[in-house]
Amino acid sequence: SAAGEPSTLHVRPEGLPTHIRHYIGGKHVDSIGGETFDVLEPVTNTNYLTAAAGQAADVDRAVRAARAAFDRGPWPTMKARARARVLNRIADAVEAADRRLAELETFDTGLPISQALGQAQRAAENFRFFADLIVAQRDEAYKVPGSQINYVNRKPAGVAGLITPWNTPFMLSSWKLAPALAAGCTVILKPAEFTPLSASLWAQIFEEAGLPEGVFNLVGGIGEEAGDALVKHPDVNLISFTGESATGKIIFRNCADHLKGVSMELGGKSPAVVFADADLDAALDSTLFGVFSLNGERCTAGSRILVQREIYEEFLGRYVERAEKIRVGHPSDPDTEVGALVHPEHYAKVMSYVEAGKAEARLVAGGTRPADLPEGNFLRPTVFADVPRTARIFQEEIFGPVVAITPFDTEEEAVELANDVMYGLAAYVWTNDLTRAHRVAHSIESGMVWINSHNVRDLRTPFGGVKASGLGNEGGYRSIDFYTEQQAVHLTL
Ligand code: NAD
């Protein structure tokens, strides 16, 4: 659209709610004290709904419902096959909701519609995967001949508190819901306050799939209120948290009072290391996608690109040319590649990094909003070159379409630069020297490494970070282990 004209591409989904409530013990309810908070959409930054803001009393009500469902059963004691049937029905319903989910997620988060499509498929896959896993689960048994038999008696860990961030919120909540439910826990989900819309779909999906009442509960609200009360509630056995490292530290401290089990997936500043012998076309495709897809609001974003000096100028030239062609536009336009950042507060934070970057390095692309999008949280793909390791834009997570590119000379220097940040979530290595690829992958301090590939993950593999990027792993049996007590039973022969 011409500058200033309202775009017909800003689609407002049909049937948007104007108010969303908690879901506790099978009922949609408001906060006991009637507290609410406003939710805005990031294209016009206007409020479009109010959501119930959970307080300690609301969280307590949800925990009591979850505890009752746990104690009363049948969910925790159901046979794996019976639980798996419910999980598969959930997967079918989630998959069928793909288009609806995409339009809601796009409206609420500013994610490009083309990238929001398929999120339901991935969420559904999480449920199918954990359904299969619990049916195929093997437990260990050991025999000490003539003396003892020992075996592992797995039990669901109890009531799990699940706290999720605002990026790809529906899909990320499925990462926690699916294994927690598969393991037989009952849960309370506290979605992020910026983007609570898609989580409000879960209640109906679970009801229709036959999940018993009280097994799934949702309390909306602000992190420091609802989230804090959930973490501090003495009858919540576990907390699974995805969000910022700074929040993770607070939650870890609060869990200590009750020695609560905790799993944390936190922030990142992941390096993509491109050696001179790499397949440059593939590396360019991947490193562009790695930081500019999902608006750059992705925990595993390859937000630092380290490039070997021999190819540095060529890589940079081609990277900038491609970055400038990326289409920034209305999230609901199918041609859009970068949409609107989630919230004006987050936009201001990202823009403050752009300003800091200008003083620390060389701005070679972007740095401003597109001329035809005078409002909303839009930013052109932004590329900084020659970024020194001391720069804030090298060290700190920006969580937007902003990338720092830095040259290196030797393999040793590349590894040193890669590791010289507080984070350690993902890393990407581009080289056609197979031995070096593994050597570098092993030397990088990160929970995950992709060699000559990007961010496609087999659900059986561990997902998690080291250093300030996380604590514990999710993924495959590791998730089931987290939501399970493993009791060792010893029997004398
Ligand atoms: P955030 O830490 O601000 O909030 C995450 C959640 O925690 C929200 O639901 C929030 O309400 C809640 N919360 C905030 N303060 C709390 C408190 N004191 N007690 C309990 N709960 C509290 O994070 P965000 O801005 O929503 O999400 C972006 C961050 O998440 C980025 O750092 C990103 O890298 C990270 N992330 C990590 C992964 C991963 O798997 N490692 C995945 C996605 C996002």
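Start at the ligand and select helix H8 (223-232) and helix H9 (245-256): each supplies at least two residues of the shell around the ligand. This is a predicted model. H8 gives the largest share of that shell, five residues. Now show what surrounds the ligand. Of the 30 residues there, the nearest are Pro-165, Gly-223, Gly-227, Gly-243 and Glu-265.

Next, move to helix H11. Select residues 309-325, a run of 17 residues. From first C-alpha to last, H11 reaches 25 Å, close to the 24 Å expected at 1.5 Å a residue. Where is the kink in H11 centred? Go to Phe-315: the helix bends there by about 30 degrees.

An α-helix has 3.6 residues a turn, so residues three or four places apart point the same way.

Last stop: an open sheet of three strands. Colour them in the order E6-E7-E23 and note the antiparallel pairing. Strand E6 (141-144) and strand E23 (484-492) stand at the edges, each with a single partner strand, so one side of each has no neighbour in the sheet. Direction ignored, neighbouring strands of this sheet are turned by 20 degrees against each other on average.

Zoom in on strand E7, residues 148-156. E7 and E23 pair in the antiparallel sense over nine bridges. Finish at Pro-156, which stands opposite Thr-484 in E23.

Definitions and conventions: Residues are numbered from 1 along each chain as its sequence is written. This is a predicted model: local features need pLDDT of at least 70, side-chain atom pairs count only at pLDDT 80 or more; totals for chains, interfaces and linings use all residues. Helices (H or I, at least four residues) and strands (E, at least two) are DSSP runs, numbered from the N terminus. The expected span of a helix is 1.5 Å times one less than its number of residues. The bend at a residue is the angle between axes fitted to the seven residues ending there and the seven starting there. Two strands pair if DSSP finds at least two bridges between them. Axes are lines fitted to C-alpha atoms, for helices over the stretch in contact, and angles run from 0 to 180 degrees between N-to-C directions. A residue is near a molecule or strand if its C-beta atom, placed from the backbone, lies within 6 Å of it.
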